[in-house]
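Below are some comments on the model, written as numbered points. Please read them with the structure open beside you.

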Amino acid sequence: MKTIGEAAKQSGISAKMIRHYDAIGLVRPSARSEAGYRHYTDSDVHTLSFVRRARHLGFSLDQTAKLLQLWRDRQRASAEVKSLALRHIEELDEKIAELEAMRRTLDHLARHCHGDHRPDCPIIDDLATKP
């Protein structure tokens, strides 16, 4: 059995996030000692590592929960996993497009700002006039 600190170190997830994932039901509740301390098995750490990797790839908590469910289901169809991943790719593509648009706007505004001692600044003007 491992302490929460050991599980955190081995899984790459902070103890605070492990407690959070436990509280929201993303991971199964940890075993407790008689004194109430959390204890983790190698399997628990493996699950936490799975969660860390999914979150690192940008999957939401709900998507990560679904992936965990599919991971645990040895009778699952890989088509369901692939479908979830493809939907996530579409979401990432939308976010990338939004970020690129933001970057283009800021680049345009920055190129038109003199950046000198004058108070005139198209960046501030844009922020003040756009809803």
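1. On one side of helix 2, Lys 16 and Ala 23 are exposed. Exposed means over 50% relative accessible area, buried means under 20%, and partly exposed lies in between, with a 1.4 Å probe and protein chains only. Helices (H or I, at least four residues) and strands (E, at least two) are DSSP runs, numbered from the N terminus.

2. The model is predicted, so local features need pLDDT of at least 70 and side-chain atom pairs count only at pLDDT 80 or more, while totals for chains, interfaces and linings use all residues. Residues are numbered from 1 along each chain as its sequence is written, and side-chain values use heavy atoms, with hydrogens and water left out.

3. Which residues of helix 2 are buried? In this helix, residues 15-23, they are Ile 18, Tyr 21 and Asp 22. They lie on the same side of helix 2 because they cover an arc of only 100° around the axis; the arc is that of the directions from the helix axis to the C-beta atoms. Their cover includes helix 1 (4-11), strand 2 (38-39), helix 3 and helix 4. After helix 2 comes Gly 25, with a positive phi near 85°.

4. Helix 1 has Ile 4, Ala 7, Ala 8 and Ser 11 as its buried residues. These too cover an arc of only 100° around the axis, which puts them on the same side of helix 1. An α-helix has 3.6 residues a turn, so residues three or four places apart point the same way. The buried residues of helix 1 pack against helix 2, strand 2 and helix 3.

5. Ser 30 sits in the loop between helix 2 and strand 1 (31-32). Ser 30 counts as buried because its relative accessibility is 10%. Neighbours within four places in sequence aside, Ser 30 is in contact (heavy atoms within 4.5 Å) with Asp 22, Arg 38, His 39 and Tyr 40.

6. The axes of helix 3 (residues 42-56) and helix 4 (residues 61-72) come within 10 Å and cross at roughly 135°. Axes are lines fitted to C-alpha atoms, for helices over the stretch in contact, and angles run from 0 to 180 degrees between N-to-C directions. Helix 3 and helix 4 are therefore oblique to each other: angles under 35 degrees count as roughly parallel, over 145 as roughly antiparallel, 65 to 115 as roughly perpendicular and the rest as oblique.
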